[in-house]
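Please look through the structure below before reading the notes. They are meant to be read beside the coordinates, one point at a time.

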Amino acid sequence: RRWHGYQLVDGGRFTLWGAEAEGGWSSREEQLLLDAIEQFGFGNWEDMAAHVGASRTPQEVMEHYVSMYIHGNLGKACIPDTIPNRVTDHTCPSGGPLSPSLTTPLPPLDISVAEQQQLGYMPLRDDYEIEYDQDAETLISGLSVNYDDDDVEIELKRAHVDMYVRKLKERQRRKNIARDYNLVPAFLGKDKKDKEKAPKRKITKEEKELRLKLRPLYQFMSCKEFEDFFENMHKERILRAKIRELQRYRRNGITKMEESAEYEAARHKREKRKENKNIASSKRGKEEGKEGEFAAIENLPGFELLSDREKVLCSSLNLSPARYVTVKTIIIKDHLQKRQGIPSKSRLPSYLDKVLKKRILNFLTESGWISRDAS
C-alpha cells in the first residue's frame, strides 16, 4: 500500500529507470543527484558530481538530469506545456526569452595589451577597472533582509536597490555611447589614422564650431543618426545659399540661368574696378604729405593748438593733443616754480610712462621752453 513503510533491501543498487536509462545509474546515485540539485542549485554540475561520487563527471551528471528529469517522462508529467501568466517578449521574432540585441554581448575592443593596461580595460569581461561612479556598490553592499524588518525598512532597502540599478543603467549607457562614437580610438589617437585612410569632404571652420555646439546631442542620438542629421544641416545651408542667390538674380531682373553667367562676369568686373580705385586712392593719400601723416589726430580736440613740430611729436608718440597739452602745462609749471624757489608737488598723469616723459622733456628742452638743467 502507498501508506506502508518500506526500505531499500539491496542498498540502492537497482536501476530506477530500467533499460531506458543510460550509464547504469543506480537508485542510490539518483537519490544523491536529487539531494545535490536541491542543495547546490541547477547548473552547479561540478559540485553535484562531487556529491554523487567520484565515478560521475559533471558532463554525465548534466546529461543524465536533463534527459531523465526534464525531457524524460518525469519532466513531461511535472512541467506543463503552457505556463499560465507567462510574459511574452514581442521584440524577439524567434520567441526567445530576450531580444538578441540585449543578450548578445558586444565584441571586445580591438586594442593592444599596452593600450588595455593604459585604459584599465579587461577584454574578457568587456569592462574597465575604474567605472563611472565607482562607489555605487556601497548602496547595497551592506544590505540584508531580516525577518524582523518592518515595512519602512523594507521599502528603504528597495529604494537603495532601485538607486543602484539606475547607476548601473547609466554606466551601460556611457559605455554604449563610447562604443558607438569610437571614443576609445579617439583617446588613443587611432581615429586620425582612420580619417587619413578614408578621406571625406573637407569640413570648414564653421562646421567644426557647429559640431562643438551640437555635442550635447550625442547622448540622445546614435552615431549614424547624428551624422545623417549633420549632413542634412549641411545640405540645408547649401540650399538656403542657393535660394538667396536665385532671389538676388530675380531682384536684378534675371529670369534665366543663361543670363546669370553674364551677370556674374559683369559684377566681377565692377568689383575689380572698385578695388583698383580704392588702391589708387590709398596711394594718393600717402602722397599728400603732412595732412596724411596727421590723419590719426587731426580730428581730435586740441589739434589746432599745436605747432607743426608738436603735431609730428604727437603723431610719432601716438599721443592725443589734449594729453600732450596737459603734460606740457604741468612740466612748464613745475619748471617755473623751481626757478622761483617754490617746491613743486604736482604729479604727472598715469598714462605718461618713462619713455614718453623723456621724449617730451627732450622736445621741450630743444624748443627752449625749459632749461637743460631742469630737464
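1. Basis. This is a predicted model, in which local features need pLDDT of at least 70, side-chain atom pairs count only at pLDDT 80 or more, and totals for chains, interfaces and linings use all residues. Residues are numbered from 1 along each chain as its sequence is written, and side-chain values use heavy atoms, with hydrogens and water left out.

2. Helix 14 and helix 16. Helices (H or I, at least four residues) and strands (E, at least two) are DSSP runs numbered from the N terminus. Helix 14 (residues 308–317) packs with helix 16 (residues 354–367) at an angle of about 170 degrees, and their axes are 12 Å apart. Axes are lines fitted to C-alpha atoms, for helices over the stretch in contact, and angles run from 0 to 180 degrees between N-to-C directions. The two helices are therefore roughly antiparallel; angles over 145 degrees count as such, under 35 as roughly parallel, 65 to 115 as roughly perpendicular and the rest as oblique. Helix 14 passes helix 16 in a right-handed crossing, which means that the near helix is turned clockwise from the far one by less than a right angle, anticlockwise being left-handed.

3. The contact between them. On the helix 14 side are Arg-309, Glu-310, Leu-313, Ser-316 and Leu-317, and they meet Leu-356, Arg-359, Ile-360, Phe-363, Glu-366 and Ser-367 in helix 16. Contact means heavy atoms within 4.5 Å. By class, the contact has five nonpolar, two polar and four charged residues. Ala, Val, Leu, Ile, Met, Phe, Trp, Tyr, Cys and Pro count as nonpolar, Asp, Glu, Lys and Arg as charged, and the others, Gly among them, as polar.

4. Aromatic pairs. Rings of Phe, Tyr and Trp (its six-membered ring) pair if their centres lie within 6.5 Å; planes under 30 degrees apart count as stacked, over 60 as edge-to-face and the rest as tilted. By this rule the count comes to ten aromatic pairs. One of them is Phe-42 with Tyr-65, tilted, at 6.1 Å centre to centre and 55 degrees between the planes. Phe-42 lies in the loop between helix 1 (27–40) and helix 2 (45–52) and Tyr-65 in helix 3 (residues 58–70), so the pair ties together parts 23 residues apart in sequence. Phe-42 is exposed, with a relative accessible area of 55%, whereas Tyr-65 is buried at 14%. Buried means under 20% relative accessible area, exposed over 50%, partly exposed in between (1.4 Å probe, protein chains only).

5. Helix 11 rings. Phe-226 and Phe-230 are stacked, 6.3 Å centre to centre with 25 degrees between the planes. They are four residues apart in helix 11, about one helical turn, and both are buried. Tyr-181, Tyr-218, Phe-226, Phe-229 and Phe-230 form one aromatic cluster.

6. Tyr-249. This residue also has a place in helix 11 (residues 223–251). Buried or exposed? Tyr-249 is buried, with a relative accessible area of 5%. Leaving out residues up to four places away in sequence, Tyr-249 touches Ile-254, Ser-260, Tyr-263 and Glu-264. Tyr-249 and Glu-264 are 15 residues apart in sequence and 9.7 Å apart in space, C-alpha to C-alpha.

7. Positive phi. Most residues other than glycine have a negative phi. Asp-133, not a glycine, has a positive phi of about 55 degrees. Asp-133 lies in the loop between strand 2 (127–128) and helix 7 (151–180) and is partly exposed at 29% relative accessibility. Asn-182 likewise has a positive phi of about 55 degrees; Asn-182 sits in the loop between helix 7 and helix 8 (183–188) and is partly exposed at 46%.
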